[in-house]
Amino acid sequence: MPIPGPGIDFSRRHRESRNLRFADFSGGLELSTSLFYDSWLENARFTQANLAGASFISSRLTNADFSQANLLAADFNFAT
């Protein structure tokens, strides 16, 4: 997995062999403008992460934790 940082592309992670279920992006990571669209992110942790301008379009987010995360201008269109 690539090292998380601003603008990282984690899009289209939607297969049993390649997904982000239970991923831990917590602890104040800088993930602004990152791409998570069309990914499976069930139970992922984003606590205290900076997700300003990130894209979660069409992603699966059931039980994802965004506690204290910066979600300014993040895009959640069509996410479930």
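## Accessibility and the Predicted Model

A residue is termed buried when its relative accessible area is under 20%, exposed when that area is over 50%, and partly exposed in between. Asp 24, at 48% relative accessibility, therefore counts as partly exposed. The structure described here is a predicted model.

## Overall Architecture

The chain contains 0 helices and 2 strands. For its 80 residues, a compact globule would have a radius of gyration near 12 Å, and the value of 11 Å found for the chain agrees with this. Along the principal axes, the C-alpha atoms fill a box of roughly 30 × 25 × 20 Å.

Buried residues account for 40% of the 80 residues. Among contacts in the chain with a separation of 6 or more, 22% are between residues 24 or more positions apart.

## Surface and Charge

Arg 21 is partly exposed at 27% relative accessibility, whereas Glu 42 is buried, with a relative accessible area of 14%.

Glu 42 also meets Arg 60 in a salt bridge, at an N to O distance of 3.9 Å. Arg 60 and Glu 42 are both placed in the segment after β2, so the bridge ties together parts that are 18 residues apart in sequence. Arg 60 counts as partly exposed, at 34% relative accessibility. Through salt bridges that share partners, Glu 16, Arg 21, Glu 42 and Arg 60 are joined into one network.

## The Asp 24 and Arg 45 Pair

A salt bridge also forms between the side chains of Asp 24 and Arg 45, with an N to O distance of 3.2 Å. This pair links distant parts of the chain, its members being 21 residues apart and both in the segment after β2. Asp 24 has a relative accessibility of 48% and Arg 45 a relative accessible area of 40%. Both values fall between the limits of 20% and 50%, so Asp 24 and Arg 45 are each classed as partly exposed.

## Leu 31 in the Interior

Leu 31 lies in the segment after β2. At 0% relative accessibility, Leu 31 counts as buried, because its value is under the 20% limit.

When neighbours within four places in sequence are left aside, the contacts of Leu 31 include Pro 4, Gly 5, Pro 6 and Ile 8. Further contacts of Leu 31 are made with Phe 25, Phe 36 and Phe 46, and also with Ala 49, Asn 50, Leu 51 and Ala 54. Arg 45, the salt-bridge partner of Asp 24, is 14 residues from Leu 31 in sequence and 13 Å from Leu 31 in space, C-alpha to C-alpha.

Key. Residues numbered from 1 in each chain as written. Predicted model: local features only at pLDDT ≥ 70, side-chain atom pairs only at ≥ 80, totals over all residues. Heavy atoms only, no water. Buried < 20%, exposed > 50% of the residue type's maximum accessible area, 1.4 Å probe, protein only. Salt bridge = Lys/Arg side-chain N within 4 Å of Asp/Glu carboxyl O. Helix = DSSP H or I, 4+ residues; strand = E, 2+ residues; numbered from the N terminus. Rg over C-alpha atoms; globule rule 2.2 N^0.38 Å. Contact = heavy atoms within 4.5 Å.
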